[in-house]
Amino acid sequence: MKNEQSSNTLLCITGSIAAYKSADLARLFKKNGDNVRILMTDSACEFITPLTMQAISGNSVHRNLLDETAEQAMGHIELAKWADTILIAPCSAETISRLSSGRADDLLGAIVLASKAQIYVAPAMNKNMWSNTATQNNVNSLQSRGIVFIGPSKGEQACGDSGYGRMSEPEEIYETIKMSENKFLNGKKIIITAGPTREQIDPVRFISNNSSGKMGFALAEAASKSGADVTLITGPVSLECSNKILRIDVKTAAEMYVESKKYITDADIFIGCAAVADYSPVIQNQNKIKKSSSKDMQILLKKNIDIIASLSREFPDKKFMGFCAETEKIEEHAKVKLVEKGLDFIVANDVSKKDIGFDSDFNEISVFTKESHTHFHKASKNLLAVQLINMLSKNNQSIH
Ligand code: C5P
C-alpha cells in the first residue's frame with residue numbers, strides 16, 4: 001500500500017450489511033496517515049457498533065444532528081469544513097434518495113449540504129433496488145452535482161441474489177479515492193479502445209470474440225477520475241460509461257482504426273484494450289448466404305490492420321499501452337509483442353485460467369516494460385484499472 005498525501009477523511013456509514021467492510025476502509029485511511037472521523041446513521045449502528053469504529057478511527061463517532069455534547073466537541077458545520085474528503089460507504093438506497101432531495105434533517109444530510117469537500121459514494125443494496133429507475137435518477141442527479149460514485153460491484157449479495165449492488169471492496173474504494181485526490185493525469189488526453197470488433201460475413205452473421213469490454217471501460221472510468229480527458233472507442237458491448245467520457249461506438253476493426261487515428265493526434269496516451277479481430281471476410285455479402293445441404297462453406301479472410309502497432313509507428317511521441325491474452329509462455333510472448341508493436345507497456349493475462357479474463361469481473365495481470373516486470377494479483381477489473389492508471393501516472397513526468 002502506497003503512502004499517499006494524508007488528508008482529513010470523514011467516513012459516513014449508513015444501514016447496510018456491507019457496514020462491516022467500513023472497519024477495513026477506516027483502517028486503510030488510518031494506515032496512510034489520514035485523520036479519520038466517523039459518522040454513523042442510526043441504521044448503521046444496527047450493523048456495526050460505534051465502539052468498533054471509535055477504536056479504529058481514534059475519535060468518537062458522530063451520530064446526531066441535535067446532540068449538544070457532540071456539537072460542543074465539533075459542530076456539524078465545523079465537521080463539514082474539517083473534511084477534505086467525505087466518503088459514504090456503504091451508502092444505502094434510502095441515503096442516496098435523501099441526498100438527492102437535499103434533505104438536512106439528519107447529521108449526514110446537513111454535512112453533505114454544508115461541505116465543500118469532494119464527496120464519494122460507495123452504494124450497497126439489492127440489485128433490483130440499484131437498477132430501479134428511482135435510484136438511477138437519484139444517482140444521475142448526485143453525479144451532476146459532482147458527487148463521485150465508486151461501484152457498486154457485481155456478485156453474490158447477502159440476500160442471495162447476484163448482480164450489481166455489492167459494495168466495492170475497501171481496497172478498490174481507497175485506491176480510487178487516492179487516485180482521484182492526486183489527479184496525476186490532469187490535463188492529459190487518453191484514448192482507450194475496448195471490447196471486441198465485429199466483422200460481418202453477411203447481414204446476419206459475423207466473426208467476433210468473447211471480449212466483454214469490462215477492462216477497457218474500467219480503465220476509462222479510472223483515467224477519467226484521475227483527471228484525464230478520456231475518449232473511449234468501443235466495439236459492440238452492453239456496458240455504459242459516465243458522461244464525462246467521450247464514447248465512440250464502432251463495429252469493425254477498420255472503423256476502430258479510423259476513429260483511433262482521428263482522435264490520437266492531440267492525445268498523450270493510447271491504451272489498446274480492445275480484442276480487435278485479426279481477420280475479416282474479404283467479401284461481405286449483401287444478402288444472407290443460403291445454406292447448401294451438400295457443400296461445406298469456405299470464407300476467405302484478409303488480415304486486419306494492427307491498430308496499435310500502426311499508430312505507435314506513426315506517433316512515436318505518444319505513450320502506448322497494449323494488452324495481450326496468452327495461454328502459455330506469457331512473459332516470452334508478451335515481451336515479443338512489446339517490441340514488435342512498439343509499446344511502452346504491455347499488460348499480459350493468462351486466459352487459460354477459467355476464473356479470470358474475458359467475461360469475468362476479475363483478472364490477474366503482469367505488466368512488462370523494456371526494463372521492468374510488475375505482477376498484479378487476482379483482483380476486480382475495477383481495482384486493476386485503478387492500479388494500472390496509477391502506474392501510468394507514476395510515468396507522468398515522462399509523458400509530455
Ligand atoms: O497480437 P495481439 O492480438 O495479441 O495484440 C493485442 C494488442 O494489440 C492489444 O493491445 C490490441 O488492442 C492490439 N491490436 C490492435 N489491432 C489489431 C490486433 C490487436 O490494435 N488488429
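1. The sheet. In this predicted model, five strands form an open sheet in the order β2-β1-β3-β4-β5, and their pairing is parallel. As a general rule, the strands of a sheet pair through backbone hydrogen bonds, either parallel or antiparallel.

2. The edges of the sheet. Which strands stand at the edges? They are β2 (35–40) and β5 (148–149); each has a single partner strand, so one side of each is left without a neighbour in the sheet. Strand β4, residues 118–123, runs parallel to β5 and is joined to β5 by two bridges. Within this part of the sheet, Val-121 stands opposite Phe-149 of β5.

3. The residues around the ligand include Gly-272, Ala-274, Val-276 and Asp-278. Also among them are Ile-305, Asp-306, Ile-307 and Ile-308, together with Gly-322, Phe-323, Lys-337 and Lys-341.

4. Gly-272 places a backbone N or O atom 2.5 Å from an oxygen atom of the ligand. For Ile-308, a polar backbone atom is 2.9 Å from a ligand oxygen atom. Lys-337 takes part through its side chain, a polar atom of which lies 2.6 Å from an oxygen atom of the ligand. The ligand taken alone exposes 450 Å², and the protein buries 87% of that area.

5. The second largest pocket. This pocket holds about 920 Å³ of space. Its lining comprises 42 residues, and those nearest its centre are Cys-273, Ala-274, Ala-275, Val-276 and Phe-323.

6. Two or more lining residues come from each of β8 (189–194), α11 (214–225), β13 (269–272), β15 (301–303), α13 (307–314), β16 (319–326) and β17 (345–350). Which element gives the largest share? It is β16, with four residues. Sorted by class, the lining has 21 nonpolar, 14 polar and seven charged residues.

7. The cavity. How many cavities of 30 Å³ or more does the structure hold? There is one, and the space in this largest cavity is about 30 Å³. Its lining consists of His-62, Asn-64, Ala-70, Glu-71, Met-74, Gly-75, His-76, Leu-79 and Leu-107. The helices α4 (68–73) and α5 (76–82) are the elements that give two or more residues to this lining. By class, four of the lining residues are nonpolar, four are polar and one is charged.

How values were computed:
Residues are numbered from 1 along each chain as its sequence is written. This is a predicted model: local features need pLDDT of at least 70, side-chain atom pairs count only at pLDDT 80 or more; totals for chains, interfaces and linings use all residues. Side-chain values use heavy atoms; hydrogens and water are left out. On a 1 Å grid over the protein atoms alone, a cavity is a set of points where a 1.4 Å probe fits but cannot get out, and a pocket is an open set with protein on both sides within 12 Å along at least five of seven lines; lining residues have an atom within 4 Å of a point. Grid points are joined across faces, edges and corners, and a volume is the space filled by probe spheres set on the points. Ala, Val, Leu, Ile, Met, Phe, Trp, Tyr, Cys and Pro count as nonpolar, Asp, Glu, Lys and Arg as charged, and the others, Gly among them, as polar. Two strands pair if DSSP finds at least two bridges between them. A residue is near a molecule or strand if one of its heavy atoms lies within 4 Å of it. A polar contact is a pair of N or O atoms within 3.5 Å; within protein, one must be able to donate a hydrogen and the other to accept it, and residues adjacent in sequence count only if both atoms are side-chain atoms. Accessible areas come from the Shrake-Rupley method with a 1.4 Å probe; for residues, only the protein chains shown count as cover.
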